[in-house]
Amino acid sequence: MDAQLHDFAVDALDRQPPYAKPDRAMTTSEVESRLVTATVDQIEDNGERIGREAMRRLRLRSMCAIDPGLTDAEFHQIEQEFGFRFADDHRAFLAAGLPVNTRPEPQEPGVFYAHSEPWPDWRRADRDRLSATLNWPIEGVLFDVERNGFWCESWGLRPQDIASALATATRMLAQVPPMLPVYGHRYLPAGRGLSGHPVLSMWQTDIICYGLNLADYIDREFGRRDPGEEPWEPQATVEFWRDLV
């Protein structure tokens, strides 16, 4: 078990109410089972807290209309259709409210905007449009493989011709963790049991952290953070993508 998760679990168990002395000592597997259960409970609580706080901050910004959040049935349908599971904080965010594109975003002169409707509408959007948004990170990497000579060392030697290189890259990228859109080209990793991961701004293989977590991201994206107010050191941990940060 990861050391940090182990510490969380032990701390959670220490706060449990006292129990009668057992008739026998617990086995190692029984102890580990209790530790894992306590750890999962704490992770889910943390994800719920971050997601709800992110939605609270977004509502305060009045940046967009917010519809009622997704229901359990809607989450199930989306996850079954597209083959992923929302991270705990992302799910809690969308359960607390669904941001929708009800007015044109302000356009800064001379700036190219990749997404005319930056909030993914998980409830009503055209399914092909959602699929394209989900595929954006992968397509960006493939673009750099084809046009800019990008190659990941873990993929082995790069084939000489572009078609073979793209085929190999496509096969390898099918194995990396999926990334889910939050807003425009800002993404969070998918995965039940995950929470607190930095939001990543993804533009081909140019990837940076755009918030310590989902709640912090809302502040940074929508202008409530002074870039020089304090040092921050977000740590991306999602496999493959972290190597591009």
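Helices and strands here are DSSP runs, numbered from the N terminus. The model is predicted.

**Whole chain**

Colour by secondary structure. The chain holds seven helices and six strands. Starting at the N terminus, their order is α-α-β-α-α-β-α-α-β-β-β-β-α. Now colour by burial. Of the 245 residues in the chain, 40% are buried.

**Helix 3 against helix 4**

Select residues 72–82 for helix 3 and residues 88–96 for helix 4. Their axes come within 11 Å and cross at roughly 130°. An angle of that size makes helix 3 oblique to helix 4. The crossing of this pair is right-handed. Show side chains next. From helix 3, pick Asp-72, Phe-75 and Glu-79; they meet Arg-91, Leu-94 and Ala-95 of helix 4. By class, this contact has three nonpolar and three charged residues, and no polar ones.

**Helix 3 against helix 5**

The axes of helix 3 and helix 5 lie 12 Å apart, at an angle of about 70°. The angle makes helix 3 roughly perpendicular to helix 5. The crossing of helix 3 and helix 5 is right-handed. On the helix 3 side, select Gln-77, Ile-78, Glu-81 and Phe-82. On the helix 5 side, select Arg-127, Leu-130, Ser-131 and Leu-134. The contact of helix 3 with helix 5 divides into four nonpolar, two polar and two charged residues.

**The largest nonpolar core**

In soluble globular proteins, nonpolar side chains tend to be buried together. Here the largest nonpolar core has 32 residues. Which of them touch the most other members? Select Leu-58, Phe-84, Phe-86, Phe-93, Leu-94, Trp-122 and Leu-214.

**Zoom in on Leu-214**

Centre on Leu-214 and hide its neighbours within four places in sequence. What is Leu-214 in contact with? Its partners are Ile-50, Ala-54, Asp-89, His-90, Phe-93, Val-182, Leu-188, His-197 and Val-199. Phe-93, one of these partners, is listed with Leu-214 among the core residues that touch the most other members.

**A second core**

Last stop: a separate core of 22 residues. Select Val-141, Leu-142, Tyr-187 and Cys-209, which are among its members.

Methods:
Residues numbered from 1 in each chain as written. Predicted model: local features only at pLDDT ≥ 70, side-chain atom pairs only at ≥ 80, totals over all residues. Heavy atoms only, no water. Axes fitted to C-alpha atoms, helices over the stretch in contact; angles between N-to-C directions. Helix = DSSP H or I, 4+ residues; strand = E, 2+ residues; numbered from the N terminus. Parallel < 35°, antiparallel > 145°, perpendicular 65-115°, else oblique. Left-handed = near helix turned anticlockwise from the far one by under 90°. Contact = heavy atoms within 4.5 Å. Nonpolar A, V, L, I, M, F, W, Y, C, P; charged D, E, K, R; others polar. Core = buried A, V, L, I, M, F, W, Y, C linked by side-chain atoms within 4.5 Å. Buried < 20%, exposed > 50% of the residue type's maximum accessible area, 1.4 Å probe, protein only.
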